[in-house]
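Colleague: I am new to reading protein models. Could you take me through this one, feature by feature?

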Amino acid sequence: MARRDDRLREYRSRRSPDRTPEPDGVEGRDAAPGNRFVIQEHHARRLHWDLRLEHEGALASWALPRGIPTDPDHNRLAVRTEDHPLSYLDFEGEIPAGEYGAGQMSIWDRGTYVAEKFEPEKVMVTLEGERVSGRFAIFRTRGDDWMIHRMDPPPADRDPFPERLEPMKATLSADLPGDDEAWGFEVKWDGVRAIAYCQPGHLRLESRNLREITAQYPEVRGLVEQLGAREAVLDGELVAFDDSARPSFQRLQRRMHVGSEAEVRRRMGEVPVTYLAFDLIYLDGHLLLDRPYEERRAELESLELDGGSWQTPAYHRGDGAAMLEASRVRGLEGVIAKRLASTYSPGRRSRDWLKVKNSRSQEVVIGGWLPGKGRREGEIGSLLVGYYEDGDGEPRLRYAGKVGTGFDAADLRLLAERLVPLRREDSPFDGRQPERGAVFVDPVLVCEVAFAEWTRAGTLRHPSFKGLRDDKAARDVIREEPQAPGR
Ligand code: MN
């Protein structure tokens with residue numbers, strides 16, 4: 001038998017020709033040396049890209065879980081797979097469930113290549129395709145594991161993929177902006193802010209204090225499957241909805257403070273989250289920071305993100321008052337107004353983004369608790385909270401009152417678990433002190449409270465616990481006062 005037939009034995013042994021639309025692997029000899037290549041996007045159990053190089057009458061093949069590298073600093077894994085028949089160069093289609101490689105396969109790129117080296121453990125080629133061009137080295141590391149390395153510099157007009165961006169922040173505003181038509185309005189989502197770094201086959205979610213939180217929210221991973229080979233950095237909010245389809249920060253608590261993978265999986269079934277993407281910072285080699293909000297939104301919408309656990313909520317041009325009223329009627333927290341012409345400033349609290357709330361909430365630092373009485377005897381009765389104020393030197397923790405409502409049994413258990421190890425003798429508060437009987441703690445935990453208003457003494461009137469936040473450093477918690485919208 002021809003040598004090529006031997007090379008395709010493994011290919012044939014893995015497939016039943018009557019059950020898969022793939023080529024059968026029995027075909028006439030083609031003695032031409034051949035220099036074609038194909039890259040197929042394969043939505044199998046795990047998304048990957050299959051790189052196949054025509055070589056000695058068959059297709060030498062590698063599966064690339066993270067696609068083709070775009071710059072020389074980041075090599076990517078390339079798993080050697082069985083040789084495929086030449087007719088696979090044109091194959092696209094659905095491999096049926098239950099069959100080897102089940103899932104949708106489509107041609108992502110194709111073209112020709114020039115080989116400088118084609119050895120059993122090292123291949124050096126220049127690919128000339130429609131999407132991919134450049135010089136690559138593919139070399140074996142161990143077993144079937146190879147790496148693919150881009151030898152050329154990245155394309156000259158490519159911005160490097162960003163890392164560790166702090167989200168842009170909105171200024172609390174007492175009112176809607178006056179020049180309505182110059183603004184876009186979005187619902188203010190009551191959840192956890194997250195930047196989503198999406199690269200082929202890889203997602204990283206980072207909270208606003210730059211902590212990686214990807215493992216907490218496995219259901220969002222499908223976002224990168226939908227984006228395929230596209231590279232994007234999104235800004236958005238992770239939200240859990242309550243039974244009346246309102247975002248519930250309290251319900252999200254069940255997902256925020258979970259350690260083990262098994263526990264994450266279990267709670268994912270009970271309290272599913274949705275990632276609501278409302279901004280686009282980077283797309284396919286281009287940073288969009290300097291582009292106006294309106295253009296970034298148009299690009300974002302063109303991605304048509306619409307999975308079960310990720311969405312792009314709509315925004316409205318103008319009509320801020322109607323939007324705020326609608327949000328109040330639906331029991332939502334408020335709206336965010338974003339100036340249509342504004343650029344994206346990472347980490348800045350900008351006046352180009354204004355949050356206008358229907359109800360007031362504030363982040364506070366927990367400095368201690370008062371033991372419960374009656375039914376809550378032996379438990380935490382109320383939390384003693386404060387905020388930082390910049391003094392002459394060190395920032396000082398100001399007492400802002402006690403929070404005695406809004407908890408359920410699970411909240412109280414979690415609070416006790418977190419607070420007991422932080423106990424200390426002296427008060428962390430500077431100036432005014434809470435009442436007698438207080439148990440003090442190191443002021444490191446941050447929680448969010450809803451409240452009616454600030455008293456003249458600088459304490460919270462009718463505060464109610466909404467949940468712990470671990471995406472903010474205690475030292476950054478200050479008293480937030482609504483600003484006039486300005487122009
Ligand atoms: Mn494959």
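Colleague: Which residue in E20 stands opposite Trp183?

Modeller: Some ground rules come before the answer. This is a predicted model, where local features need pLDDT of at least 70, side-chain atom pairs count only at pLDDT 80 or more, and totals for chains, interfaces and linings use all residues. Residues are numbered from 1 along each chain as its sequence is written. Helices (H or I, at least four residues) and strands (E, at least two) are DSSP runs, numbered from the N terminus. Two strands pair if DSSP finds at least two bridges between them. Now the case: Trp183 stands opposite Arg339 in E20. Strand E11 (residues 183-187) and strand E20 (residues 334-339) are antiparallel partners over five bridges.

Colleague: In what order do the strands of that open sheet run?

Modeller: The order is E10-E21-E20-E11-E19, five strands with mixed pairing. Strand E10 (169-172) and strand E19 (316-317) are the edges, since each pairs on one side only.

Colleague: How many residues are in the largest nonpolar core?

Modeller: Start with burial. A residue is buried if 20 or more other C-beta atoms lie within 10 Å of its own, exposed if 12 or fewer, and partly exposed in between, with C-beta atoms placed from the backbone. A nonpolar core is a set of buried Ala, Val, Leu, Ile, Met, Phe, Trp, Tyr and Cys residues joined through C-beta atoms within 7 Å. Here the largest core has 50 residues. Those with the most contacts inside it include Ala196, Ala232 and Tyr275. Strand E15 (residues 273-283) gives the most to this core, nine residues. Apart from it lies another core of 28 residues, among them Val38 and Ile138.

Colleague: Is Val239 buried or exposed?

Modeller: Count its surroundings. Val239 has 21 other C-beta atoms within 10 Å, so it is buried. Val239 sits in strand E14 (residues 232-240). Val239 and Tyr275 are 36 residues apart in sequence, yet 6.4 Å apart in space, C-alpha to C-alpha. Contact means that the C-beta atoms of two residues, placed from the backbone, lie within 7 Å. Leaving aside neighbours within four places in sequence, Val239 has contacts that include Trp189, Pro247 and Leu276.

Colleague: Which residues of helix H4 are buried?

Modeller: In H4 (residues 249-256), they are Phe249, Leu252, Gln253, Arg255 and Met256. Now look down the axis, and take the arc of the directions from the helix axis to the C-beta atoms. The buried residues of H4 fall within an arc of 165°, so they line one face of the helix.

Colleague: What is the phi of Glu56?

Modeller: First the general idea. Most residues other than glycine have a negative phi. Glu56 has a positive phi, near 50°. Glu56 lies in the loop between E2 and strand E3 (58-64). With 14 other C-beta atoms within 10 Å, Glu56 is partly exposed. Arg164 also has a positive phi, of about 50°. Arg164 is in the loop between strand E9 (145-150) and E10. Arg164 is exposed, with 11 other C-beta atoms within 10 Å.

Colleague: How far apart are the C-alpha centres of domain 1 and domain 2?

Modeller: Domain bounds come from an automatic or database domain assignment. That assignment gives domain 1 (4-150), domain 2 (169-358) and domain 3 (361-476). The C-alpha centres of domain 1 and domain 2 lie 37 Å apart. Their contact takes eight residues from domain 1 and seven residues from domain 2.
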